[in-house]
Amino acid sequence: QVQLGDSGGGLVQAGGSLRLSCAASGRTFSFFSMTWFRQAAGKERELLGLIRWSEGRTYYAGSVKGRFTISGDNAKNTMILQMNSLKPEDTAVYYCAAKTRITDSWEYWGQGTQVTVSS
């Protein structure tokens, strides 16, 4: 069974940086795509960006474009979210997710890691 573990969250001041990691374990195989979501208290879950390994391309939501960068190694089933110029409104629980094929739903999810940005 595949499990995703996301980590790296914490408390940071506005303007600071954090680096989140997502690693797969268990019956691992190459993913088609991986992504990062976040969910702030009382708000809808927000897709931040994704990477499609077959294309080697990344896509970002407007709210984080230019500040967040997704990278990783598909052979190692790892993904990184580098977050710079953090704002208090970036405070949320961040989740990684992955899928093995073209489908609307994400098959595997991390447990979430809390990011808190103080003003």
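Reply: We may begin with contacts: two residues are in contact when heavy atoms of theirs lie within 4.5 Å. The model here is a predicted one. In it, Leu86 touches Val12, Ala14, Gly15, Gly16, Ser17, Leu18, Arg67, Phe68 and Val117, when residues up to four places away in sequence are not counted.

Me: Where is Leu86 found, and is Leu86 buried or exposed?

Reply: Leu86 is found in the loop between S8 and S9. The relative accessible area of Leu86 is 2%, and buried means under 20%, so Leu86 is buried. One of its contacts also shows how the fold brings sequence positions together: Leu86 and Ala14 are 72 residues apart in sequence, yet 5.3 Å apart in space, C-alpha to C-alpha.

Me: Which residues touch the most other members of the largest nonpolar core?

Reply: The largest one has 28 residues, and Trp36, Leu81, Met83 and Tyr94 touch the most other members. At least two residues of this core come from each of the strands S3, S4, S5, S7, S8, S9 and S11. For Tyr94, the contacts beyond four places in sequence include Leu20, Phe37, Leu48, Phe68, Leu81, Met83 and Val115. Asp6 and Arg38 are also among them.

Me: How should I read a disulfide, and which residues does one join here?

Reply: One looks for the sulfur atoms, the torsion and the location of each cysteine. The structure holds 1 disulfide, which joins Cys22 to Cys96 with an S to S distance of 2.1 Å. The torsion about the S-S bond is about 65 degrees, so this disulfide is right-handed. Because Cys22 lies in strand S3 and Cys96 in strand S9, the pair ties together parts that are 74 residues apart in sequence. Cys22 is buried, at a relative accessible area of 1%, and Cys96 is buried as well, at 0%.

Me: How many bridges join S7 to S8?

Reply: In a regular strand, side chains alternate between the two faces of the sheet. Here S7 and S8 run antiparallel and are joined by 6 bridges; Thr69, for instance, has Gln82 in S8 as its bridge partner. The two strands form a hairpin with 4 residues between them, and Asn77 in the turn has a positive phi of about 55 degrees.

Me: How are pairs of aromatic rings described, and how many does the structure hold?

Reply: The distance of the centres and the angle of the planes describe such a pair. The structure holds 3 aromatic pairs. Phe31 and Tyr108 form a tilted one, 6.0 Å centre to centre with 55 degrees between the planes. Phe31 lies in the loop between S3 and S4 and Tyr108 in strand S10, so the pair ties together parts 77 residues apart in sequence. Phe31 counts as buried, at 3% relative accessibility.

In another pair, the ring centres of Phe37 and Trp109 are 5.0 Å apart and the planes stand at 35 degrees, so this pair is tilted. Phe37 in strand S4 and Trp109 in strand S10 are 72 residues apart. Phe37 counts as buried at 8% relative accessibility, whereas Trp109 counts as partly exposed at 31%. Ring pairs link Phe37, Trp106 and Trp109 into a cluster.

Me: Which residues lie over the faces of Phe37 and Trp106?

Reply: Arg45 lies over the face of Phe37, 5.0 Å from the ring centre. Lys99 lies over the face of Trp106, at 4.3 Å from the ring centre.

Key
Residues numbered from 1 in each chain as written. Predicted model: local features only at pLDDT ≥ 70, side-chain atom pairs only at ≥ 80, totals over all residues. Heavy atoms only, no water. Core = buried A, V, L, I, M, F, W, Y, C linked by side-chain atoms within 4.5 Å. Buried < 20%, exposed > 50% of the residue type's maximum accessible area, 1.4 Å probe, protein only. Disulfide = S-S within 2.5 Å. Pairing = 2+ DSSP bridges. Phe/Tyr/Trp six-rings, centres within 6.5 Å; stacked < 30°, edge-to-face > 60°. Lys NZ or Arg CZ within 6 Å of the ring centre and 35° of its normal.
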